[in-house]
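Let's take a quick tour of a protein model. Have a look at the sequence and the 3D picture, and then we'll go through what is where.

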Amino acid sequence: MIETAGLTRKFGDVIAVEDLSFAVSEGEIVALLGPNGAGKTTTVRMLSCLIAPTAGRAWVGGYEVHQDPTAVRAIVGVLTETPGLYKRLSAQHNLRFFAELYGIPDPDRRIEKYLRFFGLWARRDEPVAAFSKGMRQKLALARALLHEPKILLLDEPTAGLDPESAKSVREFIAELKGEGRTILLCTHNLPEAERLCDRIVLLRTRLIAEGTPEELKRRLFGSRVVVELANPRPEIVEELRLPGVKSAEHSDGKLWVEVEDPRFVNPILVRRLVELGAEIISVREAETSLEDVYHELMEGDSAQD
Ligand SMILES: Nc1ncnc2c1ncn2[C@@H]1O[C@H](COP(=O)(O)OP(=O)(O)O)[C@@H](O)[C@H]1O
Ligand SMILES: [Mg+2]
């Protein structure tokens, strides 16, 4: 549903996005995850035809973005960083204005549907100026959905919201995915990406890595085994240079051993430890958080610059 090939955007000498290629399939929710300045908003602006790519191509719903902007706009709902609502108009008027712009048939029914969906129906006649940030964000989401787009581009939908509002916005996004919509979610919030998304595209100007959260963890860390010892002896790590063992460290009475294929290496590792007089309490696979992966990948990349 969304595809980019070598997508690049420069602003003068600044390269905001470089040679970005990724795809989002129908019904998928993919996170475009990266720190501030990574190029997420620039990517969304290219995908929603607000700015043209400097190089490369992008297709949304089968239409190439800078060749068929009208067709793209009709099937895409966009939530931008600054929702740009009319503060003096009521929630209902804001949506009606947008519905007219889009030529939406039977707008009142749609407006009611989405105001109810986001819990704003009772406040429909109040001016947006009186709304909290969370309510405004929900209204902006309602506006992005009003023309029933199959594809949604959501740029930092929970940024700047209090935890309660952020939680309810996330719940709505999960619900939208349940309806089979295709969603590209830009965020610098790692737990959000992990919780909501099928796949993650890590971006920092260039694509750093992509995969499911599980794949990203595995790719970076391989498998790590934690061996708990009753008689810890830090020097023991020196004796663990075995085939298939990538590294071994000792901390807090535990050995952290990075191995290539645990099914093959663990038996050898355990035999070796027993030979060395280690009293093993337990052997288990170490949990890796995606946060470790994120920092490692982002740091690893800057080392190359
Ligand atoms: N209109 C613009 N003019 C000049 N530089 C820009 C413009 N928009 C974005 N940039 C630069 O492009 C880079 C990526 O920005 P952006 O896409 O907003 O990142 P993100 O959304 O990931 O925080 C930044 O270095 C930013 O300063
Ligand atoms: Mg941004």
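Thr-4 stands opposite Phe-22 in strand 2, and that pair is a handy way into the sheet. Keep in mind that this is a predicted model, where local features need pLDDT of at least 70, side-chain atom pairs count only at pLDDT 80 or more, and totals for chains, interfaces and linings use all residues. Residues are numbered from 1 along each chain as its sequence is written, while chains are lettered from A and ligands numbered from 1 in the order in which they are written.

- An open sheet is built from 4 strands in the order 2-1-4-5, with antiparallel pairing.
- Strand 2 and strand 5 (63-64) sit at the edges with a single partner strand each, so one side of each has no neighbour in the sheet.
- Strand 1 (residues 2-11) and strand 2 run antiparallel and are joined by 7 bridges.
- Strand 1 also runs antiparallel to strand 4 (residues 55-60), this time with 5 bridges; in strand 4, Arg-57 is the bridge partner of Ala-5.
- Strand 4 and strand 5 pair over 2 bridges, again in the antiparallel sense, and Val-60 stands opposite Tyr-63 in strand 5.

**Around ligand 1**

- Which residues are around ligand 1? They are Phe-11, Val-14, Ala-16, Gly-34, Asn-36, Gly-37, Ala-38, Gly-39, Lys-40, Thr-41 and Thr-42, where being near means that the C-beta atom, placed from the backbone, lies within 6 Å.
- Strand 2 (14-24) and helix 1 (40-47) each supply at least two residues of this shell, and helix 1 gives the largest share, 3 residues.
- The shell splits into 4 nonpolar, 6 polar and 1 charged; Ala, Val, Leu, Ile, Met, Phe, Trp, Tyr, Cys and Pro count as nonpolar, Asp, Glu, Lys and Arg as charged, and the others, Gly among them, as polar.

**Helix 1 and burial**

- A residue is buried if 20 or more other C-beta atoms lie within 10 Å of its own, exposed if 12 or fewer, and partly exposed in between, with C-beta atoms placed from the backbone.
- Helix 1 is mostly covered, with 7 of its 8 residues buried, including Lys-40, Val-44 and Leu-47.
- Just after helix 1, Cys-49 takes a positive phi of about 65°.

**The cores**

- A nonpolar core is a set of buried Ala, Val, Leu, Ile, Met, Phe, Trp, Tyr and Cys residues joined through C-beta atoms within 7 Å.
- The largest one has 63 residues, and Ala-31, Ala-142, Leu-185 and Val-201 touch the most other members.
- Helix 5 (residues 133-145) gives the most to this core, with 6 residues.
- A second, separate core of 9 residues includes Val-227, Val-265, Leu-269 and Leu-273.

**Domains**

- The chain is assigned domain 1 (2-211) and domain 2 (220-288), with bounds that come from an automatic or database domain assignment.
- Taken over C-alpha atoms, the centres of domain 1 and domain 2 are 46 Å apart.

Key: Two strands pair if DSSP finds at least two bridges between them.
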